[in-house]
Every structure is written in C-alpha cells, then in structure tokens.
Amino acid sequence: MSAPAFDVTSQIGKPWKKPPFVQNPLLRWGLLAGFIAYLIAAYMTIDVNWARVYEGLERGKQFVLAFTSPDFTSRSGDIYDGMLESIIMTVAASVVGIAVSIPIALGAARNVAPLPIYLICRGIIAISRALQEIIVAILLVAIFGFGPLAGFLTLSFATIGFLSKLLAEDIESMDRVQAEAIKASGASWTQWINYGVQPQVMPRLIGLSIYRIDINFRESAILGLVGAGGIGATLNTAFDRYEYDTAAAILILIIVIVMALEYISGIVRARVQ
Amino acid sequence: MLRLDKLVKTYKTGDQALKAVELEVPEGQVLALIGPSGAGKSTLIRCINRLVEPTSGKVQLGDVELTTLSSSGLRRERRRIGMIFQEYALVERLTVMENVLSGRLGYVGFWRSFLRRFPQSDVDEAFRLLDRVGLAHMADKRADELSGGQRQRVGICRALIQNPALLLVDEPTASLDPKTSRQIMRLICELCKERGLAAIINIHDVALAQMFVQRVIGLRFGAVVYDGPPDGLTPDKLTEIYGEEDWEATIEAIGEDEDEEVAAQ
C-alpha cells in the first residue's frame, strides 16, 4: 500500500476543524447575509392592524373562557349524532383507504414492480397527494351533495396518497437479501411477497394505519366545515350561532378522542416491533 | 452435474464481473470458491440460480439449460438449488419453522403457504432437519431471537428442505466467530456427504476452505486462475489469486489447525 505523500509533521500540534459545508468563504458568508436580509425584509412586509387586534382580543377571550364552562348538554343530541357520523366516516374511510393502498404501495415500490406499473401507481399517489383534502371535499360535495358520503370518499382518497407513498418507501428500503432468499427457493411472486416482503414491512404498515386513522378522525372534523358531514358540521353550526360553550365542548371531545387514539397507537406500535 | 459454459456477466456500469467462466462440478463434489473481494464469487453463484441474470453463456444443471428458462420453468429448477447466505438472510420476523418451511414454497400452492398449512410430510421433514442441527426446540422462536450460528443452521435447514441436488453457499461464515465458523463448515460438508449433494462454497477464509473441501477454485477479476486440490495452494498460487502478501503464515496455520483437530477428536 503506497499512501499519497502527506507531511504529517506540519499537522502535529495544530487544531483540527471540520471542513465547512460550502467551500468558498465568500459564497458561504454571502449566503448567510442574504438569508438574514431576506428575513428582515420579509418581516417588514407583515402589516398588522393593532386596533383590529385589540378589538379581536375581546372575542378571543370569550372563546377561550368558554373552555372553562363547556356546554355538553344543551346540544347533546347534535354532538352525539355528529360524533357518531365522524367515527363511522373515519373507520369506513380508513378500512377502504388502507385496503386500496396496499396493492398501490406494492406497485409503487421499484424493487417489487416493473416500470410501467410503477409509473402508474406513482401517478395515482402524486394525484392523491397533490390535491388537498379540503379541495377534494369541495369537489365531492359538489358531486354527491352535502353529507358524510362526500367526507368518506375524501378521506379514503387522501388515505391512499399518504399510506401508499410511505409504505412503498418502506418496501423499497427493505432488506433485499431476506427477500432474495425466498426467491431462491423457487417461490412464486405472491409467495415471495407474502414471505419475503410482508413480514419486513408489517410493523410499519400497522403503525402507519393507526396513525392514518388518527389523521382521518381529525380531518373529519375539518371536512364538516365545507359540508362533508361529521362532527365538523356540528362544530360549524355552533360557531355560526356564537355558541362558544358548545363549540368548546366539541373541541374538548375531539382532543380527548385524538389523545386516546395516540395512546392506543403507541401501545400497538410498541407491540408489533 | 453442473456445467458452466463461457459464463459472462457484465453489469450495467460496464464492470465485467465474470469473464467466460468454465466450470464443471460432478455429482456430490464440494468445492470452495476463493478470491479477493470483487473477484465475482457472489456474482458467479447468483448467476447459477439467476438471482443475477448472466449476460451470456450457459448454465447446465443435469440436462436442463437454466439461462433460457421461462420464469415458471426457472422457479421449478430453483427448487433443485438450495442457497445458503452470508448474514443468514433469514426473514427475521418469521418464526424458525416458517423460515425452514419457506424452503418448500416452490412445491406448495399460494393459499397453502399463505395459511401456513404445509403438508404433514414437509412439517415432519422440517422438524427432522431442525433436530439434525440441534434446534428442534427453537421451532417457534422468532428468527431474530437466535444467535449467529443458530441462524446459519436454520439457513442450512431452509436450503436442505428443498431437497436440492446442488447447494450454493455464499460466505457462510463471514459473520461468525472462528469456532462457530468451523462448526458450520463441518455441518455443511457432513450434510452434503450424507445426501450426496454437490456444493459451491464462496469463502474468504482460505485456511478454513482447505480444511474441509476436496477442490478449490481461485477467482481473480472474474476469471478462474486456480482449479485444483486444496494442498496445491502454494504461496505463488495465492499471490496469483489475491496479490502480493506473505502467505507462509496462512499455510503453516492450516497444518497446525489440522493437528489440533486430530488431537481434539
């Protein structure tokens, strides 16, 4: 082994520093200065009407104070119906969304699918991710009318983009050799997926699914604002009537359910590792 | 039994991993494939069962030409070729039993394998093999709970339950300690002898190879530069395979090791 000439004695006794990320010092400091200048300029364009903020503070205070006396009772029937609708929407959309996502995720993993199928599946994912839930919901409400059907379809559609993409990435980063070993035994493609791929991505699939159920529930509260049913519709009505105490009750319920889901998902994910 | 005829593999990057390799392996012969990293040992083995597609040349197993097979024909032939991997390549989240039975996937239909309802004869054979390697009590453990040596023994069971005619063994001892390495090599060679299996074993450890096999193939830059008995590996030959280095110590060590082995028995 002949190492290139390097005079070690000139380095001994001198401090060592990690080489900078941007080599050219002029460019390095120029970038930093430019960034700071942009930040200052950007903040200066923010136009705050302080008088308006002062008036608004009073309304904000009322809203916050409503949380100290949430009213679960006077609209309990509406809240119950809205919650039930949201939960049904969430569960139905998650089941359908996840079931559709799995084959698309397989198709969108380059190490499992041939190129044409890969491109099609990646296309579906890109469309699903490009369209924000609210926009999809507005479109679907226009087609199917007000109500939970539009919400259910929106959430299913959004689940596909989310779950397929992340699952496909997990499949792509799996241990190739484990899958190769199954292939070498003469397994068919479906057996190969079942034995070589599925065990490797199962914890991730379960973790993502639970996380998505959680997201779907939260989204279902928003979708009501554009008429796609669920607890969001009840919440919207409460705001329209200035019934902040009822709105507070609904928000508290949403927070409790989301926290409960978060807690359950933590337990399940720890179990499946 | 196995014949490679002018086997060439050129990767997309332009690297020629195999340059017209000719090799004939008779029934029941265990041979070691040695050579420096990047010499094409892994590629050679994987070209045989077409985990890597050879660029040109022929692979003849029995009277079947493997390189031209359709995907279903290839699956059928892969059943006759067991493979043992470096780093074991067990599916870590499956149980030991599932890993062993996965060697039968080429013989059972999808639904049977999906529901884990393998024929009784397969299950019996799996238990017999696990017992042979001393792991029958571990059948329901998850593969990632096992130690390195245990995992490799499960890997051996998985290859053998295929009832293969040929074993391809890729660096079986690369991540094992010296003692376990010997045990694994001995086990592979014993099982090959019991079942009259031919085997190609890729191995880094020249001394270990010389201890256990009847024939050594030296590969350098994708070409066979040595083909002969293990004790024909002189310092000159090793230099030809690996490049300049002091080989006397390696060769002496083998002599001593063998003495120890005899003394220990």
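# Close-up views of a predicted two-chain model

**View 1. Packing of helices α6(B) and α7(B).** The helices α6(B) and α7(B) cross in a right-handed sense. This and the views that follow show a predicted model. In chain B, the axes of helix α6 (residues 148–160) and helix α7 (residues 178–195) come within 10 Å, and their crossing angle is roughly 15°. Since angles under 35 degrees count as roughly parallel, α6(B) is therefore roughly parallel to α7(B). On the α6(B) side the contact is formed by B:G148, B:G149, B:Q152, B:R153, B:I156 and B:L160, which meet B:T180, B:Q183, B:I184, B:L187, B:I188 and B:L191 of α7(B). By residue class, this contact of α6(B) with α7(B) comprises six nonpolar, five polar and one charged.

**View 2. Packing of helices α9(A) and α10(A).** In chain A, helix α9 (residues 231–240) packs against helix α10 (residues 244–272) at an angle of about 155°, and their axes are 8 Å apart. Angles over 145 degrees count as roughly antiparallel, so α9(A) and α10(A) are roughly antiparallel to each other. The crossing of α9(A) with α10(A) is left-handed. From α9(A), the residues A:I231, A:T234, A:L235, A:A238 and A:F239 take part in the contact, and from α10(A) the residues A:T246, A:A247, A:I250 and A:I254.

**View 3. The nonpolar cores.** The largest nonpolar core has 115 residues, and B:V100, B:C157 and B:A199 have the most contacts inside it. With 11 residues, helix α6 (residues 148–172) of chain A gives the most to this core. Another core, of 10 residues, lies apart from the largest one and includes A:A221, A:A238, A:A247 and A:A249. In soluble globular proteins, nonpolar side chains tend to be buried together.

**View 4. Surroundings of B:A199.** When residues up to four places away in sequence are not counted, B:A199 touches B:V30, B:L167, B:V169, B:I188 and B:C192. B:A199 is also one of the residues with the most contacts inside the largest nonpolar core.

**View 5. The contact of chain A with chain B.** Chain B contributes 22 residues to the contact and chain A contributes 19 residues. On the side of chain B that touches chain A, the elements that give two or more residues are α2 (71–78) and α4 (110–114) of chain B. That side of chain B holds nine nonpolar, six polar and seven charged residues.

**View 6. A:R129 and its neighbours in space.** A:R129 belongs to helix α4 (residues 115–130) of chain A. With 14 other C-beta atoms within 10 Å, A:R129 is partly exposed. Although A:R129 and A:A158 are 29 residues apart in sequence, their C-alpha atoms are 7.0 Å apart in space. Neighbours within four places in sequence left aside, A:R129 is in contact with A:G161 and A:K165.

**View 7. Positive phi at B:Y88 and B:A89.** Most residues other than glycine have a negative phi. B:Y88, which is not a glycine, has a positive phi of about 70°. In B:A89, likewise a residue other than glycine, phi is positive and near 55°. B:Y88 is located in the loop between β6 (81–84) and α3 (96–101) of chain B, and B:A89 has its place in the loop between β6 and α3 of chain B. A residue counts as buried if 20 or more other C-beta atoms lie within 10 Å of its own. B:Y88 is therefore buried, with 26 other C-beta atoms within 10 Å, and B:A89 is buried, with 25 other C-beta atoms within 10 Å.

How values were computed
Residues numbered from 1 in each chain as written. Chains lettered and ligands numbered in written order. Predicted model: local features only at pLDDT ≥ 70, side-chain atom pairs only at ≥ 80, totals over all residues. Core = buried A, V, L, I, M, F, W, Y, C linked by C-beta atoms within 7 Å. Buried ≥ 20, exposed ≤ 12 C-beta atoms within 10 Å, placed from the backbone. Helix = DSSP H or I, 4+ residues; strand = E, 2+ residues; numbered from the N terminus. Contact = placed C-beta atoms within 7 Å. Nonpolar A, V, L, I, M, F, W, Y, C, P; charged D, E, K, R; others polar. Axes fitted to C-alpha atoms, helices over the stretch in contact; angles between N-to-C directions. Parallel < 35°, antiparallel > 145°, perpendicular 65-115°, else oblique. Left-handed = near helix turned anticlockwise from the far one by under 90°.
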